[in-house]
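Thanks for coming, everyone. I'll walk through one model this morning, starting with the fold and then moving to the interface.

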Amino acid sequence: MYRRIFATALIAGLLAGLGITAIQEVTTTPLIRYAEKFENAAPEAPHRHGALENRFSLTREARGHDTLSPHVHAGGEARAHDTLSPHAHVGGEAQAHEAAAPHLHAAGQARAHGNSSGAGGGHPGPGTAESETGIGPIFYTAMANVLTAIGFALVLVACFALAGRPVSGREGVLWGIAGFTAISLAPALGLPPEVPGAMAAELGARQGWWLLCAVATGGGLWLLVFRRSTPWTIVGLALLVMPHLVGAPQPQELGGSAPPEIAAHFVAASLVTAAVFWAGLGWLSGTFWNRLAPR
Amino acid sequence: MTRNATLIAQAKSSRASIAVPAAVAILFGVFLVLGTGFSHSDTIHNAAHDSRHSFAFPCH
């Protein structure tokens, strides 16, 4: 059983991860790059100048949030994350700042990435060597996509096993749509997919709500499909609705750096890409699960 | 009767033989997804940046 679950998930995840990388190159990635231009620009915003001044001289040490965003220090609660990354996210007190100065994703950040990661593991901004060749970012994105896809495939295939009914490629697509609903569609209602430079609440709170929503939606769907009795149906429906009653953390102010049309296009592109990914992952998982069945 | 008992025992053991590998796979899968999609590590964030945005994981 171990071999069947892990072999299925590894093959399906590898193929789906590579496939979605190619699709992202024409759907979401161009919009991310485009949005980053607005994020990097906006020189008229006075709160950004800290970042712009430092764009050529950022080092790991120099990238304390004070250097990058002088207006934040009232909060003073920079966490390790903030010190490391120039996005200058701070805890609760950063809300106002976040609203005022969206993540300083400037060209300087990519440069700083190079400094901090040494190996060059970073998404390079415009004008860096990696973005000129175009090999670096795609490679890292492909790696992240494959690992994420294998992770999702492991959970999906484990659910095949737990459900205890035969799954072929065709049923696999249905499972994939359930995965899409739990992982992409339901969380998007509270936390729409963000382009770089979008306004958002504090990261940890959003990640927490996202996990709550994904787990509750997945559990709710499981109960609705596999426990066909009235009480379980009620519990399942309650699980689907609960995260949205709790409510996702929202930014205090609106007005990200990318034009609204780009942000809207990105939401659609991200969801469509995710739907294709999940349908593909489900089909691949079901197909290999079926093929690896003990004879 | 004996046959029924054997069938029940087989069913029980096969349930356990599915539940444990499935739980291990789910743990491993969640670990992979959280590692690539949710880790606050700067290096991982930078490498997985486009992937995170495309999957609509909360990023930044």
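This is a predicted model: local features need pLDDT of at least 70, side-chain atom pairs count only at pLDDT 80 or more; totals for chains, interfaces and linings use all residues.

Start with contacts inside chain A.

What is the secondary structure of chain A? It comes to 13 helices and zero strands. Read along the sequence, the pattern is α-α-α-α-α-α-α-α-α-α-α-α-α. Chain A has 295 residues, and buried ones make up 51% of them.

Now, confidence. Chain A averages a pLDDT of 76. At least 70 is the score for 68% of its residues. One stretch needs a flag: over residues 44-132 of chain A, the pLDDT is below 50. In the model, that stretch still has 159 contacts beyond near neighbours in sequence.

On to the partner. How many residues of chain A are in contact with chain B? There are 52, and they meet 36 residues of chain B. Between them, the two chains bury about 3900 Å². Carbon and sulfur atoms account for 69% of that area. Three residues stand out on the chain A side: Tyr2(A), Gln207(A) and Trp210(A). They supply 13% of the area that chain A buries against chain B, more than any other three residues.

Next, the polar side of the interface. Eight residue pairs are in polar contact between chain A and chain B, both residues at pLDDT 80 or more. The salt bridge count between the chains is one. Which side chains form it? Arg33(A) and Asp50(B) do, at 2.9 Å from N to O.

Which helices of chain A touch chain B? Those that each supply at least two residues include α1 (2-26), α2 (28-40), α11 (203-226) and α13 (260-291). The top contributor is α9(A), with 14 residues. By type, the side of chain A that touches chain B divides into 25 nonpolar, 22 polar and five charged residues.

You'll find Met242(A) in helix α12, residues 230-246 of chain A. Is Met242(A) buried, exposed or partly exposed? Its relative accessibility is 29%, so Met242(A) counts as partly exposed. Setting aside residues up to four places away in sequence, Met242(A) touches Leu212(A) and Ala216(A). Thr217(A) is 25 residues from Met242(A) along the chain, and their C-alpha atoms are separated by 8.9 Å.

That's the tour. Over to you for questions.

Note on methods
Residues are numbered from 1 along each chain as its sequence is written. Chains are lettered from A and ligands numbered from 1 in the order in which they are written. Side-chain values use heavy atoms; hydrogens and water are left out. Contact means heavy atoms within 4.5 Å. Buried area is the accessible area (1.4 Å probe) that two parts lose on being put together, summed over both. A salt bridge is a side-chain nitrogen of Lys or Arg within 4 Å of a carboxyl oxygen of Asp or Glu. A polar contact is a pair of N or O atoms within 3.5 Å; within protein, one must be able to donate a hydrogen and the other to accept it, and residues adjacent in sequence count only if both atoms are side-chain atoms. Helices (H or I, at least four residues) and strands (E, at least two) are DSSP runs, numbered from the N terminus. Ala, Val, Leu, Ile, Met, Phe, Trp, Tyr, Cys and Pro count as nonpolar, Asp, Glu, Lys and Arg as charged, and the others, Gly among them, as polar. Buried means under 20% relative accessible area, exposed over 50%, partly exposed in between (1.4 Å probe, protein chains only). pLDDT is the predictor's confidence in each residue, from 0 to 100.
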